[in-house]
Structure formats: structure tokens, C-alpha cells
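This report describes the helix packing, the nonpolar cores and selected residues of one protein model. Please keep the sequence and the structure in view while reading.

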Amino acid sequence: MVGSVVAVLSACGGDSSGNGEVELVIAGTLPANTAMIQGADRVAEQVAQDSDGSLTVEVYPDGQLGGEPEMLEALSTGTVDVAMVGAPLIATHCPSLGMTSLPYVVQGDTPEEQYANLQRIVETEQHADAIEECAAAAGFRVIDDSWWYGNRELTSNIAIRTPEDLAGLRVRTPEGALHSEPFAALGAEPVPMAQSEVYTALETGVIDAQENPFATTFKHAFYEVQSYLSLTGLMTHNQVIVMSEERFSSLSAEQQEALSTAVSDAGAWQSEQQMAENAELRDTLESEGMEVIEPDLDAFRAATEEFVQAYFDEHGLDLDALRSVQQ
């Protein structure tokens with residue numbers, strides 16, 4: 001369900017004709033044919049049905065309303081009502097919600113096991129407290145932060161098998177300490193950079209490596225300028241469906257429930273689709289000429305454990321408790 005930017009600027013952010021009907025704009029950066037945006041379309045369909053038409057959603061994909069930082073900022077201006085952004089970006093405003101993105105916190109030998117454990121984490125009281133803290137302190141109402149996008153895997157032009165192989169490597173990271181500090185702990189040189197600049201920076205040697213889920217690596221054709229795909233899985237990249245607390249509170253209780261239920265249901269569907277797509281994309285990247293390496297993850301876990309524990313301690317989080325709920 002994709003509209004035009006002109007329509008959104010005139011229609012978003014308000015009740016229509018004072019009769020209790022509300023139209024919301026949900027924005028994402030991925031193309032319309034991806035599982036993430038198809039999940040947003042399912043939200044739109046279910047919300048309209050479950051609210052008896054009192055709540056409708058228009059979906060704007062492919063960065064039509066800006067990149068993730070711009071969309072998050074637009075929540076306060078009303079240009080965007082619902083943003084789909086990575087959990088590490090939310091963590092720059094609400095550090096406790098970085099708990100699911102830190103190295104190897106979400107456990108499991110397969111994406112399916114990791115996703116199941118992610119669901120167990122978001123059902124904990126500790127996570128619920130982090131949601132409420134984010135709403136109160138930062139003004140962001142996280143509807144769901146468990147839409148699976150995949151682990152962030154490293155691409156480079158040298159083989160990365162151990163943490164020592166990262167020493168001095170210039171690795172592009174998104175903006176934010178949650179992305180850069182784990183690489184610094186591993187001895188790499190993190191280089192924060194916008195996604196749009198990465199291909200050229202890799203091609204010209206400004207940076208040596210980058211890490212992203214398979215879908216982003218494929219979408220931006222990094223396989224054209226990188227030889228190795230190392231399955232470091234340093235961070236779990238789950239997407240967050242977020243509103244401003246003020247905008248969420250303006251909805252009726254019935255509308256809030258309809259939206260929350262639709263987001264949860266669509267997230268489960270999207271996550272299953274994304275896991276299947278990721279399995280295919282790994283093979284696709286290999287067929288494009290990348291050599292896939294499965295590193296010694298125990299060594300990477302050991303090398304980042306101190307950083308992870310320090311982050312949890314700094315923000316009053318209980319790492320042992322989160323580990324204990326996982327299977």
C-alpha cells in the first residue's frame with residue numbers, strides 16, 4: 001500500500017473530519033518488494049479490518065521519507081507517524097533497548113533458534129521496563145522491536161577467521177557507539193559512515209570492510225568490491241516499529257490495541273519470510289564470487305564479553321537474566 005510523498009505531507013498526522021478516524025503514515029528504507037515492507041503492508045490491512053476502519057495506515061517504502069535517522073526525527077514533527085528503524089539507532093536515544101543488539105547476547109546456532117530466543121527476551125520484565133523507560137525519557141513508544149532482519153556479517157578483501165585478523169582493519173559502521181565500540185574492542189578501526197557512501201569507500205580503499213545483514217549487502221552490491229563474506233554474526237539486527245509517545249497516546253485504547261496486535265502478527269510473518277530469504281541470499285552472494293568463511297565464534301564471543309558486560313552494567317541491565325531465559 002504505497003502512496004505519494006505529496007499525499008503524505010497533506011494527509012499524515014491527524015484525525016479526519018473530527019469523527020475519530022485516524023490515518024497513520026509508516027515509513028521504511030527498504031524497497032516495496034522486501035519482506036520488511038510487505039510486513040508493513042500486512043499491518044495496514046489488518047489494522048483497517050480490526051479497527052473497523054477507524055484507523056488506516058499508508059506505507060512509504062524505499063526511503064521516500066528519508067533515511068532512518070531522518071524518519072526517527074520526523075516522528076516529532078508528524079511527517080512520519082510510525083518508523084521502521086534498526087534497534088541500534090533506537091539505542092542511541094534509549095540505551096537499555098540496545099540489549100538485543102550487543103554481540104552474541106541473542107543466542108542460538110541457527111537463525112530460527114536466535115529468533116525464538118529474541119522473542120523470549122522481549123517477553124521479559126527487564127525488556128518491558130526498557131520500553132517504558134524509552135517512552136518516558138526519550139518520548140519514543142516502541143510497538144515492537146523483534147522484527148528479524150538478520151545477523152550483521154562482515155565483508156572484506158582479506159579472510160577474517162579470528163579476532164586477530166581484524167587488527168587495524170578500517171571497518172565501516174553506522175553512526176552510533178553501539179555499532180563502533182564492539183569493533184574497537186576487537187582491535188579494528190571503526191569508521192562511521194552513511195550507507196550511501198559505503199560502496200565508493202570500499203571501491204577506493206577508504207575503508208577495508210563493512211558489516212550488514214545479507215539483504216543489505218546484496219542490495220548495495222558490495223560483493224562487487226569485496227571478496228570475503230565472514231559469518232561473524234557480531235550483532236543481531238532486529239528492526240524496531242516505533243512512534244512518538246505523544247502520537248501513540250492520542251489514539252484510542254481500541255486503536256492502540258489494533259495497531260499493536262497487527263504489528264506483532266505482521267512481525268512474526270515478516271521474520272519467517274526474512275529468514276528464508278536470508279538463506280537464499282547467502283547462496284546468492286557466494287554465487288556472485290564471494291568466499292564464505294565460518295570463523296571461530298567462540299573467540300569472537302570471548303573478545304567482546306568484557307564490552308558487553310560493561311554496557312549492561314552501565315545501564316543497569318542484567319545480562320545473566322537475559323541469558324537464563326534463552327534455550
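At what angle do the axes of helix α2 (residues 35–50) and α11 cross, and within what distance do they come? In this predicted model, the two axes cross at roughly 150° and come within 8 Å. Because angles over 145 degrees count as roughly antiparallel, α2 is roughly antiparallel to α11. The crossing of these two helices is right-handed.

On the α2 side, the contact is formed by Ala35, Met36, Gln38, Gly39, Arg42, Val43, Gln46, Val47 and Asp50. Their counterparts in α11 include Ala258, Leu259, Thr261, Ala262, Val263 and Asp265, and also Ala266, Trp269, Gln270, Gln273, Gln274 and Glu277. By class, this contact of α2 with α11 comprises ten nonpolar, seven polar and four charged residues.

**Helix pairs**

Two packed helices are described by the angle between their axes and the distance between the axes. The table sets out these values for the pairs discussed here.

| Helix pair | Angle between axes | Axis distance |
|---|---|---|
| α2 and α11 | roughly 150° | within 8 Å |
| α5 and α11 | about 160° | 11 Å |
| α7 and α12 | roughly 140° | within 8 Å |

Helix α5 (residues 111–122) packs against helix α11 (residues 253–287) at an angle of about 160°, which makes α5 roughly antiparallel to α11. The crossing of α5 and α11 is right-handed. Pro111, Glu112 and Tyr115 of α5 meet Gly267, Ala268, Ser271, Glu272 and Met275 of α11. The residues of this contact divide into four nonpolar, two polar and two charged.

For helix α7 (residues 177–185) and α12, the axes cross at roughly 140°, so α7 is oblique to α12. The crossing of α7 and α12 is right-handed. Here Leu178, Glu181, Pro182 and Ala185 from α7 meet Ala303, Thr304, Phe307 and Tyr311 from α12. The contact of α7 with α12 has six nonpolar residues, one polar residue and one charged residue.

**Nonpolar cores**

In soluble globular proteins, nonpolar side chains tend to be buried together. Which members of the largest nonpolar core touch the most other members? Among its 55 residues, these are Val85, Ile90, Leu166, Val242 and Phe312. Helix α12 (residues 297–314) supplies the largest share of this core, with five residues. A second, separate core has 36 residues, including Met36, Ala221, Ala262 and Leu285. Two of the residues named for this second core, Met36 and Ala262, also take part in the contact of α2 with α11.

When residues up to four places away in sequence are not counted, Val242 touches Leu72, Leu75, Asp81, Val82, Ala83, Val85, Ile90, Phe140, Arg141, Val142 and Ile143. Val85 and Ile90, in contact with Val242, are likewise listed among the core residues that touch the most other members.

**Individual residues**

Glu280 and Leu24 are 256 residues apart in sequence, and their C-alpha atoms are 33 Å apart in space.

Gln195 lies in the loop between β7 (189–192) and α8 (198–204). With a relative accessible area of 23%, Gln195 is partly exposed. Its contacts, leaving aside neighbours within four places in sequence, are Arg172, Asn212, Thr216, His220 and Phe222. Gln195 and Thr173 are 22 residues apart in sequence, with a C-alpha to C-alpha distance of 8.8 Å.

Technical notes:
Residues numbered from 1 in each chain as written. Predicted model: local features only at pLDDT ≥ 70, side-chain atom pairs only at ≥ 80, totals over all residues. Heavy atoms only, no water. Core = buried A, V, L, I, M, F, W, Y, C linked by side-chain atoms within 4.5 Å. Buried < 20%, exposed > 50% of the residue type's maximum accessible area, 1.4 Å probe, protein only. Helix = DSSP H or I, 4+ residues; strand = E, 2+ residues; numbered from the N terminus. Contact = heavy atoms within 4.5 Å. Axes fitted to C-alpha atoms, helices over the stretch in contact; angles between N-to-C directions. Parallel < 35°, antiparallel > 145°, perpendicular 65-115°, else oblique. Left-handed = near helix turned anticlockwise from the far one by under 90°. Nonpolar A, V, L, I, M, F, W, Y, C, P; charged D, E, K, R; others polar.
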